[in-house]
Amino acid sequence: MEEGQVRVGLAGFGMSGQVFHAPFLAADPRFALKKVYERSTDHAKRAYPQIELVRSFEGLLTPDIDLVVITTPNQYHVPMAAQAVRAGKHVITEKPVAAQSGQAAGICRLARECGVLFSVYQNRRLDGDFLTVKKLVEAGRLGDVLDYECHFDRFVQGPSKKPWKRAGGEGVDTLYDLGIHLIDQAYALFGMPDEVYADLCSQRPESPGVDRFTVSLYYPGKKAVLAAGEVVAMPGPRFMVHGTRGSFLKYGQDPQESRLLGGQRPGGPDWGRDDPDAFGTLCTAGPQGLQRQAVETEIGNYGLYYDNFYKTLCGEETLMVNPEECVEVLRILEAAQRSSAQKRRIGMASGEGKERGAT
C-alpha cells in the first residue's frame, strides 16, 4: 500500500480492545479507528465518540476498512480472521490466534493466497524487561546462556469475570493466556527447542482448565523454564538468566499494562519507563571477583507493534511478529500438552510436535 492513513475496524471492546489496542491506535495518526463491533453494549462509542458502532462482524468488512483487529473471545479468532482475509482485509488477531497449530497455519496460507498482511498481537515482545534480557543476551554480557527462567505469576481469587473464560473449552486456559507469551518470548530469543517437557495442572476449583504450568524447553547447551501460577501471593523474580560470565535477575512486571488499566494513555518520552527501584541486577565476574550492578530497564512500548505493522504495509520493514512464528509457538504449546499428559519429553524434530488441526 502507498503511505497514508490505515482505516481500522476493531472487533470486540473488552479488556484487550479497550486497553491494548484502541489507545495505541488512537495515539498513532497513521491509523484511524473508524468502526468498532460490539454486539450489545456501546462502551466504544462513549470512549471514542467519532467511531461508528456496528452490531455484526460483517459491518467491519466494508470498503471503507483496510485493517481488521480481532480481540473477541478465543474461539472466534480463526473464523473471523478467515472471513476478514477472504474479504481482502489486512488482519491482526489477539493471541492465541488459534487453539491448534494447524488452524493457525491455515490462516497463514489463506492470507498469502489473498495477498493481505496477517499478524498476531504478541505484545510481550515489547515488554521493557524482556527487551533488557534480549539486549544483555545478544551483547554477550552473560556469556553463553545456560539457564533462562521466566515467570508470570498472579494471585487470583474467585471465578473470572468473563463468561467465556469461566466456561473454558479448547484454547481457553492459563497456558494459552499467559504461557503463549512466555513461549513466544523464549522462541524469539532462542528459536525452536529440541525437546519440550511440561507439568500442567489446575489448582483452583474455580478454574475451568490449566491454571498452573511449568514448561521446560531444551536447547543444545541450555534450558529455558517458563512458569505461571494463579496462587502466588508473593512472586519471585520475573526473569532469572544464568550464563558462563554471570547472572541477571529482574523482579516485577512491565508497567505498561498497569498504567493502561489505571487510565493513562501512551505518549511522551516516559511512556513505558520502569521505576528505578525495579531495575534488574547484573552480577558478573571481574578482576575483584563477582560484581553487581543495577541495569536500567529498556523502555517498553506496545505502540511499536503498530509502528512496525504500518511500515510493513508501506514496504519499509518486515513483520516484527511473523505469523508463521506463531504457528511454531503453538507447536511448542501442543508439545507441552502432550508432554504433561504422557509424562515424558517430546521431541520437536521427530514429528511428535507436528501441526494439529489442519483443515
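Modeller: Happy to! Let's start with a term: a helix axis here is a line fitted to the C-alpha atoms over the stretch in contact, and the angle between two axes runs from 0 to 180 degrees between their N-to-C directions. Please keep in mind that this is a predicted model.

On the α4 side, the contact is made by Ser 101, Ala 104, Ala 105, Cys 108 and Arg 112. Facing them in α10 are Pro 323, Glu 324, Val 327, Leu 330, Arg 331 and Glu 334.

An α-helix has 3.6 residues a turn, so residues three or four places apart point the same way.

Now look at another partner of α4, helix α3. The axes of α3 and α4 are 9 Å apart and meet at an angle of about 10°. Under 35 degrees counts as roughly parallel, so α3 is roughly parallel to α4. From α3 come Val 78, Ala 81, Ala 82, Val 85 and Arg 86, while α4 supplies Gln 103, Ile 107, Leu 110, Ala 111 and Cys 114. By class, eight residues of the contact of α3 with α4 are nonpolar, one is polar and one is charged.

Let's stay with α3, which spans residues 77-86, and ask which of its residues are buried. They are His 77, Met 80, Ala 81, Ala 82, Ala 84 and Val 85. Among the elements that cover them are the strands β2 (31-37), β4 (67-70) and β5 (90-94), along with α4. Just after α3 comes Gly 88, with a positive phi of about 85°.

The loop from β5 to α4 is worth a stop too. Pro 96 is located in that loop, and a cis peptide bond, with omega about -10°, joins Lys 95 to Pro 96.

Another loop, between β3 (52-54) and β4, holds Pro 63. Is Pro 63 buried or exposed? Its relative accessible area is 73%, so Pro 63 is exposed. Even so, Pro 63 has contacts with Arg 7 and Lys 89, once residues up to four places away in sequence are set aside. Pro 63 also shows how the chain brings residues together: Ala 87 is 24 residues away in sequence, yet the two C-alpha atoms are 9.3 Å apart in space.

Back to α10, which also meets helix α7. The axes of α7 and α10 come within 9 Å and cross at roughly 120°, and this crossing is right-handed. Leu 175, Tyr 176, Ile 180, Ile 183, Asp 184 and Tyr 187 of α7 make the contact with Glu 325, Glu 328, Val 329, Leu 330, Ile 332, Leu 333 and Gln 337 of α10. Nine of the residues in this contact of α7 with α10 are nonpolar, one is polar and three are charged. Notice Leu 330: this residue of α10 takes part in the contact with α7 and also in the contact with α4.

This leads us to the largest nonpolar core, which has 104 residues. Helix α7, residues 174-190, gives the most to this core, with 10 residues. Leu 217 is one of the residues with the most contacts inside the core, and so is Leu 226. Leaving aside neighbours within four places in sequence, Leu 217 touches residues including Ala 186, Pro 193, Val 196, Leu 226 and Ile 332.

Finally, follow the chain just past α10. Lys 343 sits in the loop between α10 and β15 (346-347). Lys 343 has a positive phi of about 55° although it is not a glycine. With a relative accessibility of 66%, Lys 343 counts as exposed.

Methods. Residues numbered from 1 in each chain as written. Predicted model: local features only at pLDDT ≥ 70, side-chain atom pairs only at ≥ 80, totals over all residues. Heavy atoms only, no water. Contact = heavy atoms within 4.5 Å. Helix = DSSP H or I, 4+ residues; strand = E, 2+ residues; numbered from the N terminus. Core = buried A, V, L, I, M, F, W, Y, C linked by side-chain atoms within 4.5 Å. Buried < 20%, exposed > 50% of the residue type's maximum accessible area, 1.4 Å probe, protein only. Left-handed = near helix turned anticlockwise from the far one by under 90°. Nonpolar A, V, L, I, M, F, W, Y, C, P; charged D, E, K, R; others polar. Parallel < 35°, antiparallel > 145°, perpendicular 65-115°, else oblique.
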